[in-house]
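User: Hi, I'm new to reading structures and would like to go through this one slowly. Could you take my questions as they come?
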Amino acid sequence: MKKLLLKTGLFLGASSLIYIVSVIIIGEFAPSMFKKNISYKIGAYGHLNTRLKEAKNTSNIDILFLGSSHSYRGFDPRIFKEHGFTSFNLGSSSQSHLQTELLLDRHLQKLNPKTVIYEVYPNVFTVDGVESTLDIISNEPNDLGSVLMALETFNIKVYNTLILSIYKNYTGYYDSFKEPKIKAEDTYINGGFVEKEIQFNSPSIKQSKQLTISPIQLKAFQRNLEKLKQQHVDVILVQAPINKNTYQSWENIEEFTEIMNSQKLPYYDFNKTIKLDDSLHFSDHHHLNQVGVKLFNKDLISTLNRDNHFDQMLAKDSDTE
Amino acid sequence: MLFNSIDFVIFLPIVLLLYWYVTNSSLKLQNLFVTASSYLFYGWWDYRFLSLIFFSSVVDFLIGRKLSNEANTNKRKLLLWLSLIINLGLLGYFKYSNFFIDSFVDAFLFFGKRIDVQSLNIILPVGISFYTFQTLSYTIDVYKKELKPTKDFISFTAFVSFFPQLVAGPIERASNLLPQFYKKRTFDYNKAVDGLRQILWGLFKKMVVADLCAEYVNKAFEDPSQEKGSTLLLGAIFFAFQIYGDFSGYSDIAIGTSRLFGFNLNRNFAFPYFSRDIAEFWRRWHISLSTWFRDYLYIPLGGSKGNLWLKIRNTFIIFIVSGFWHGANWTFIIWGALNALFFLPLLLRKKNRRNLDNPSQGKILPSFADFLKIASTFALTVFAWIFFRAENLTHAWKIIIGIFNSSLLGRPKYHPTLILLIIFIFVLIEWLGRENEYAIEKTGHSWPRPIRWAFYSFICCSIGLFMQTNETPFVYFQF
């Protein structure tokens with residue numbers, strides 16, 4: 001039996017090395033049909049590469065936006081600037097709370113925000129986080145945090161992509177990669193925002209569905225809130241507006257509202273307050289177009305003003321002075 | 001617990017180490033541990049149905065004991081019937097209730113009378129068809145005085161619930177497996193290495209061949225009326241590889257795992273797609289079930305003896321029952337009947353036992369004649385598999401008429417290149433290893449270790465690169 005254990009251990013060691021080399025070779029040279037379980041997408045969409053590089057050179061901001069594509073396509077730093085606030089948008093596509101956790105670990109100290117506007121899209125609480133993990137490990141140099149995040153997603157595609165990404169970082173590919181500011185319909189705006197060419201949505205009926213909150217995501221979300229609390233950062237939870245049909249298709253949305261309310265933080269669900277047109281103000285069934293973004297941001301700023309959140313921020317300013 | 005899950009990756013080494021290091025001191029302890037591990041393995045899926053396995057074990061153990069003391073033929077018959085009624089009754093209730101209710105309602109509807117009977121909400125306990133047949137074989141063999149009934153209840157429960165083959169076979173005969181529980185197992189290095197090799201090959205068959213094919217098949221057959229003939233034809237061919245990779249892969253993992261624990265299970269697949277006629281196919285496909293039906297149904301019915309009518313009747317009975325065993329659906333019955341139709345001409349012309357050797361024995365390439373026979377047999381099985389895969393008869397019909405039209409020569413909708421390449425490599429390895437118990441049993445034995453290990457690593461790599469990102473259950477779990 002000892003001989004079997006020893007030989008099996010040796011084989012697994014040798015086999016792991018061969019596996020790593022195979023992933024790198026296939027990831028680098030093989031046609032796409034062989035890359036079923038490798039998804040290295042540096043600069044693929046959402047300008048995450050540019051955003052994360054800009055984040056490294058940004059510090060001491062008033063507002064940090066966190067969340068999914070509703071964040072980086074929904075909170076426009078130019079509008080906040082007009083009202084006198086510096087801000088940065090650290091959202092990414094389908095960003096689940098596991099990835100937010102990693103991004104906070106990497107960027108919170110330097111960005112040093114006074115307030116975080118944490119965009120809470122209900123779907124993000126139900127996902128496995130694979131899409132966003134792939135996005136982040138492809139677009140930022142990896143460290144132990146990436147490995148831990150990858151392990152938590154428990155997905156072979158994430159592991160393979162992480163191997164390839166570490167190799168790419170090591171060979172200097174990441175540093176030499178330059179992402180264009182304009183890609184197809186998307187334009188990157190300094191501060192992490194991505195503006196899409198104006199488009200209008202054709203509303204459609206959505207099938208009803210239940211939101212099944214993942215305990216892993218909920219725990220990561222709560223860890224993030226705790227982390228921000230320890231850094232004395234004010235947190236405001238915001239659900240950005242989406243199409244009425246999509247919003248109403250969640251049968252148990254009130255359960256989600258209860259979970260948000262139970263965090264004992266200011267929570268604003270703009271689907272219940274703002275009046276937007278499902279076609280004119282959206283580019284698809286859940287993303288605002290630029291006209292919608294302007295209306296939403298204006299409404300958000302006036303709501304936060306009304307509830308004195310900005311006064312608190314200014315008070316913090318005078319404390320630090 | 002699935003063989004291709006992380007749960008099993010953790011479960012197996014723990015159980016194996018405890019088995020060889022802690023419970024190795026006594027036979028009773030070994031058997032008790034096997035039973036406990038098997039119940040944990042099964043209970044991981046649904047602990048409520050453990051009582052069913054335990055109940056079946058108790059019933060057949062007691063009936064076996066009674067049979068050993070009973071000389072009266074009528075009472076012996078009564079005991080056998082009792083076992084049959086209880087075991088098949090449970091199987092029938094869990095597996096076939098809804099089929100009979102729905103067929104009953106449909107039959108009345110056909111004659112214009114609507115009756116309001118609700119289908120029952122019954123969950124099918126995983127593996128019930130397999131362990132029921134395994135315990136039944138024990139009682140029947142004891143009844144026929146071909147097997148001495150056991151006095152050891154723990155060995156018997158270990159035999160019924162032995163986890164590697166509990167949920168999808170091979171269906172072991174008591175005469176093969178039960179005596180292995182009477183002797184203390186000792187660790188055999190070569191046997192264990194062979195077991196690991198067979199597990200690796202089984203995982204490749206399931207996680208690469210079967211699951212890749214399944215992805216294509218599911219897309220192609222979702223709405224056959226929207227697909228080209230070429231897409232549907234590829235779907236049908238890929239399904240043949242899916243079902244083979246899935247089920248024979250499971251059997252390889254089960255047999256390999258058993259070898260790690262010092263047990264020898266019967267072979268369940270012998271390269272069926274290299275068969276030269278349908279009779280040979282059925283000697284090579286799901287061997288444990290085919291021989292079960294042969295010994296306990298076909299031969300008692302008279303087998304191939306008797307007049308023409310009896311031969312036809314017996315052939316149809318065994319194939320249709322075999323189809324029905326797979327599930328309560330008319331598609332399985334038609335699949336069985338089709339195989340009977342393919343088999344009958346061989347039986348009637350007394351050519352059903354022509355191909356008892358390996359195809360093109362000792363040669364690297366098949367002869368042209370063998371190649372044609374293999375290809376035509378494969379084509380027949382692919383046609384029959386369409387019914388096996390279809391959700392209902394209308395769906396099967398849509399697939400068939402969808403294949404045979406002008407779009408058959410068009411470019412398939414989904415790219416099949418990767419799957420075709422994997423299948424080519426798979427068939428090549430299987431062909432080269434067809435004279436062994438499983439394809440890679442002796443592959444590389446004479447090679448230097450680094451090359452041999454590189455070959456096994458290549459299999460591991462292909463699993464990591466092409467497996468599904470979520471756990472996919474084995475097809476035969478539903479039976």
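User: Let's start with chain A: what percentage of its residues count as buried?
Analyst: Please keep in mind that this is a predicted model. In chain A, 39% of the 321 residues count as buried.

User: And how many helices and strands does chain A have?
Analyst: The secondary structure of chain A comes to 14 helices and 8 strands.

User: What is the radius of gyration of chain A, and what would a compact globule have?
Analyst: Chain A has a radius of gyration of 21 Å, and this agrees with the value near 20 Å that a compact globule of 321 residues would have. Along its principal axes, the C-alpha trace of chain A spans about 70 × 55 × 40 Å.

User: What share of the contacts in chain A is between residues 24 or more positions apart?
Analyst: Such pairs account for 81% of the contacts in chain A, counting those with a separation of 6 or more.

User: Changing topic, what is the order of the strands in the open sheet of chain A?
Analyst: The order is β4-β5-β6 in chain A, an open sheet of 3 strands with antiparallel pairing. The edge strands are β4 (182-183) and β6 (193-196) of chain A, each of which pairs on one side only.

User: How many bridges are there between β5 and β6 of chain A?
Analyst: Strand β5 of chain A, residues 186-189, pairs with β6(A) over 4 bridges in the antiparallel sense. As one example, Y188(A) has V194(A) in β6(A) as its bridge partner. In general, strands of a sheet pair through backbone hydrogen bonds, and the pairing can be parallel or antiparallel.

User: Now D269(A): is it buried or exposed, and why?
Analyst: D269(A) is buried because 20 other C-beta atoms lie within 10 Å, and 20 or more is the cut-off for calling a residue buried. Its place is in strand β8 of chain A, residues 267-269.

User: Which residues is D269(A) in contact with, leaving aside its neighbours within four places in sequence?
Analyst: D269(A) is in contact with Q239(A) and T257(A). As for D284(A), it is 15 residues from D269(A) in sequence, and the two are 19 Å apart in space, taken from C-alpha to C-alpha.

User: Last topic, how many residues of chain B are in contact with chain A?
Analyst: There are 18 residues of chain B in contact with 18 residues of chain A. On the side of chain B that touches chain A, α9 (189-222), α17 (417-432) and α18 (449-466) of chain B each supply at least two residues, and α18(B) gives the most, with 8 residues.

User: How do the residues on that side of chain B divide into nonpolar, polar and charged?
Analyst: The side of chain B that touches chain A has 13 nonpolar residues, 5 polar ones and no charged ones.

How values were computed. Residues numbered from 1 in each chain as written. Chains lettered and ligands numbered in written order. Predicted model: local features only at pLDDT ≥ 70, side-chain atom pairs only at ≥ 80, totals over all residues. Rg over C-alpha atoms; globule rule 2.2 N^0.38 Å. Buried ≥ 20, exposed ≤ 12 C-beta atoms within 10 Å, placed from the backbone. Contact = placed C-beta atoms within 7 Å. Pairing = 2+ DSSP bridges. Nonpolar A, V, L, I, M, F, W, Y, C, P; charged D, E, K, R; others polar.
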